[in-house]
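Please open the structure in a viewer and keep the selection tool at hand.

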Amino acid sequence: MKKDVWLSIKGIQHVGDESDTVELMTGGNLVIKDGKTFLTYKEKVDDQNETTLLKVEGNDRVTMSRMGPYRSHFIIEKGKRHLCHYGTDFGDLTIGICSQKITSSLDESGGDLYFRYTIDVNSAIASENEVLINVKECKRSWPTL
């Protein structure tokens, strides 16, 4: 069953001694199927429509796919390194993603998702990242962009 939800997303990127935080509040959809939770939301990035799909598999794995002009596909799995696709306006890159922590309390009515991971380029750590998502069920449908 697909439910309309309100997502509050906070992303923190640590590079060396500096940190940058991005926050987004948006409407989206929540689906639970075969023990997996799917979150979908849209956002505008540089005047381009982007759709992000998160597939959450308990506290072990999150797959994040971004569709739009710059496609990306990250596999964030606790204790494993994956080579992933990252699209930019300068071209596509292959980067390493390794997760240290994933916690999910998501269910049919919402909940919280947290994951922390590193990005490496040529095996050198480029950044440490944290994502915190709060999901609340809403009774209203969200317009498409």
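The stops below begin with a strand residue, pass through a pocket and its rings, and end in a loop.

**Before the first selection**

The model is predicted: local features need pLDDT of at least 70, side-chain atom pairs count only at pLDDT 80 or more, and totals for chains, interfaces and linings use all residues. Residues are numbered from 1 along each chain as its sequence is written, and side-chain values use heavy atoms, with hydrogens and water left out.

**Stop 1: K3**

Select K3, which is found in strand β1 (residues 2-15). Strands (E, at least two residues) and helices (H or I, at least four residues) are DSSP runs, numbered from the N terminus. Is K3 buried or exposed? K3 is buried, because its relative accessible area is 18%; buried means under 20%, exposed over 50% and partly exposed in between, with a 1.4 Å probe and protein chains only.

Next, display the side chain of K3. One of its polar atoms lies 3.2 Å from the backbone oxygen of E108. Apart from neighbours within four places in sequence, K3 is in contact with G28, N29, L30, E108 and E137. Contact means heavy atoms within 4.5 Å.

**Stop 2: N29**

Move to N29, in strand β2 (residues 18-33). Its side chain makes a polar contact with the side chain of D4, at 3.1 Å. A polar contact is a pair of N or O atoms within 3.5 Å; within protein, one must be able to donate a hydrogen and the other to accept it, and residues adjacent in sequence count only if both atoms are side-chain atoms. When neighbours within four places in sequence are left aside, the contacts of N29 are K2, K3, D4, V5, F38, L39 and T40.

**Stop 3: S19**

Strand β2 also holds S19. The side chain of S19 makes a polar contact with the side chain of H14, at 2.7 Å. Not counting residues up to four places away in sequence, S19 touches Q13 and H14.

**Stop 4: the largest pocket**

Select M64, R66, F74, Y86 and Y117. Of the 37 residues that line the largest pocket, these are the closest to its centre. The volume of this pocket is about 1,100 Å³. On a 1 Å grid over the protein atoms alone, a pocket is an open set of points with protein on both sides within 12 Å along at least five of seven lines, and lining residues have an atom within 4 Å of a point. Grid points are joined across faces, edges and corners, and a volume is the space filled by probe spheres set on the points.

Which strand gives the largest share of the lining? Strand β10 (residues 124-137) does, with 6 residues. By class, the lining has 20 nonpolar, 9 polar and 8 charged residues. Ala, Val, Leu, Ile, Met, Phe, Trp, Tyr, Cys and Pro count as nonpolar, Asp, Glu, Lys and Arg as charged, and the others, Gly among them, as polar.

**Stop 5: the aromatic rings**

The whole structure has 3 aromatic pairs. F74 and Y117 form one that is edge-to-face, 6.4 Å centre to centre with 70 degrees between the planes. This pair links distant parts of the chain, with F74 in strand β6 (residues 72-77) and Y117 in strand β9 (residues 110-121), 43 residues apart. F115 and Y117 form a stacked pair, 6.0 Å centre to centre with 25 degrees between the planes. Rings of Phe, Tyr and Trp (its six-membered ring) pair if their centres lie within 6.5 Å; planes under 30 degrees apart count as stacked, over 60 as edge-to-face and the rest as tilted. F115 and Y117 are both buried. Ring pairs join F74, Y86, F115 and Y117 into a cluster.

**Stop 6: the loop between β9 and β10**

Finally, select N122, found in the loop between β9 and β10. N122 has a positive phi of about 50 degrees although it is not a glycine. Most residues other than glycine have a negative phi. N122 counts as exposed because its relative accessible area is 76%. S123 is found in the loop between β9 and β10, and its phi is also positive, near 70 degrees.

Note on methods. On a 1 Å grid over the protein atoms alone, a cavity is a set of points where a 1.4 Å probe fits but cannot get out, and a pocket is an open set with protein on both sides within 12 Å along at least five of seven lines; lining residues have an atom within 4 Å of a point.
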